[in-house]
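This report describes selected helices and residues in the structure shown below.

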Amino acid sequence: MSKDIKQELISAKNWILENQNYNGEILWDDKGKWDFWDHCECLIALSIYEEWDAFKKGLDFCLSKINQEGLVKSQYINGTITQNYFEAHHAPYISLPLLQKYYIDGDLDYLFSYRSEIHKIFKGTEKFKDAEGYYHWALDESGLVDDTLVTSSCSLELSRRAYNKICKLINDEKYIINEEIISPKKLRSKKFDRDGISRARFSMDSYYPILCNCGTKKDANELLNKFYVNGLGIKCVEEEPWVTFAESSECIMALHKIGLLEEAKKIFNEVLKHKNTKGYFPTGYQYDLRVYWPEENSTWTNAAIIMAADCLYDITGKEKVILI
């Protein structure tokens with residue numbers, strides 16, 4: 001099964017490669033948009049297929065965008081900054097593709113060669129932290145500009161765990177961050193209500209805590225009851241008739257982690273049905289109108305599907321950083 005799945009998704013991997021520029025930048029699609037976090041998602045997918053030349057170029061491009069404080073601007077289009085602020089979870093996510101590469105090829109020297117960059121990045125995350133230990137989502141020249149968010153904090157927590165693992169591997173244990181960024185207790189805080197309004201209508205805020213060991217099977221079943229559309233996948237937003245295949249794939253990994261393997265495989269098989277005639281996947285499907293929307297085939301969506309495949313079917317035969 002793992003060989004069959006890996007073969008079936010080669011065209012999705014190739015779509016990522018087709019959208020990588022000569023300088024290593026991996027765009028969303030042919031419209032020129034780029035951000036650090038989604039680029040890292042693509043790097044993980046490329047590592048699963050051991051596309052090391054593209055991976056290394058992509059990793060170095062990412063790190064070229066990090067400033068002296070360990071931060072990266074939120075978004076670029078055709079090389080121009082279009083969202084002129086920093087997001088807390090973007091730069092630290094580089095630890096996941098770095099660790100995934102190590103799990104696959106065992107190259108400790110390569111991991112060690114980036115020690116100064118990752119230490120600078122994780123020092124930079126402190127700028128997002130408030131007096132109570134919560135991490136705000138964004139920062140600009142005026143300071144903290146947005147609320148603490150569940151999904152951003154969970155991404156930071158997964159990055160922290162990967163970073164700590166790297167610190168142990170390269171004998172830099174003095175840099176290990178012991179304080180959890182997200183926890184079941186912290187999740188109950190009203191700080192996660194954006195501008196005072198609950199974000200429980202977003203599926204990400206339900207499955208990302210499960211990825212961080214902050215959820216139960218009961219939580220997972222409630223998530224499925226709320227966001228799963230039979231035969232299609234996971235909705236992005238509770239009230240919208242729109243399933244998205246990156247969210248479906250990330251949810252698949254959460255379901256696998258909590259032990260709901262059959263449910264995860266069922267949704268994965270439903271996602272596979274949406275591969276287009278060119279062999280890659282659109283971002284989402286609006287099922288009331290029966291159209292794929294928006295009109296894009298995002299590289300990071302295809303990367304998330306590859307990650308879900310590796311999680312379920314072990315197509316690398318190696319450890320999975322998403323299961324840290």
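Just after H14, Asp314 takes a positive phi of about 55°. The model is predicted, so local features need pLDDT of at least 70 and side-chain atom pairs count only at pLDDT 80 or more, while totals for chains, interfaces and linings use all residues. Residues are numbered from 1 along each chain as its sequence is written, and side-chain values use heavy atoms, with hydrogens and water left out.

Helices (H or I, at least four residues) are DSSP runs, numbered from the N terminus. The expected span of a helix is 1.5 Å times one less than its number of residues. Helix H14 covers residues 299-313, and its 15 residues should span 21 Å at 1.5 Å a residue; the end C-alpha atoms are 21 Å apart, which agrees. Buried means under 20% relative accessible area, exposed over 50%, and partly exposed in between, with a 1.4 Å probe and protein chains only. By that rule 15 of the 15 residues of H14 are buried, and the helix is mostly covered.

Helix H3 covers residues 36-48, and its 13 residues should span 18 Å; the end C-alpha atoms are 19 Å apart, which agrees. Because 13 of its 13 residues are buried, H3 is largely enclosed by the rest of the structure. The N-terminal end of H3 is capped by Asp35, with a side-chain oxygen 3.0 Å from the backbone nitrogen of Trp37. Just after H3, Glu50 has a positive phi of about 55°.

## Helix pairs

Axes are lines fitted to C-alpha atoms, for helices over the stretch in contact, and angles run from 0 to 180 degrees between N-to-C directions.

| Pair | Angle | Axes |
|---|---|---|
| H10 (residues 204-211) and H12 (residues 245-258) | about 40° | 8 Å apart |
| H10 and H11 | roughly 155° | within 10 Å |
| H5 (residues 95-105) and H8 (residues 150-169) | about 50° | 8 Å apart |

Angles under 35 degrees count as roughly parallel, over 145 as roughly antiparallel, 65 to 115 as roughly perpendicular and the rest as oblique. H10 and H12 are therefore oblique to each other. The contact (heavy atoms within 4.5 Å) involves residues of H10 including Met204 and Tyr207, and residues of H12 including Glu247 and Ile258.

H10 and H11 are therefore roughly antiparallel. Ser206, Tyr207 and Ile210 in H10 meet Asp219, Ala220, Leu223 and Phe227 in H11.

H5 and H8 are therefore oblique to each other. Among the residues in contact are Ser95 and Tyr103 of H5 and Leu158 and Leu169 of H8.

## Two residues

Where does Thr301 lie? Thr301 is in helix H14, and it counts as buried at 0% relative accessibility. A polar contact is a pair of N or O atoms within 3.5 Å; within protein, one must be able to donate a hydrogen and the other to accept it, and residues adjacent in sequence count only if both atoms are side-chain atoms. The side chain of Thr301 makes such a contact with the side chain of Ser298, at 2.6 Å. Leaving aside neighbours within four places in sequence, Thr301 is in contact with Phe245, Ala246, Pro282 and Thr283.

Glu222 lies in helix H11, residues 217-227. At 42% relative accessibility, Glu222 counts as partly exposed. Glu222 and Ser206 are 16 residues apart in sequence, and their C-alpha atoms are 8.9 Å apart in space.

Methods. Helix = DSSP H or I, 4+ residues; strand = E, 2+ residues; numbered from the N terminus.
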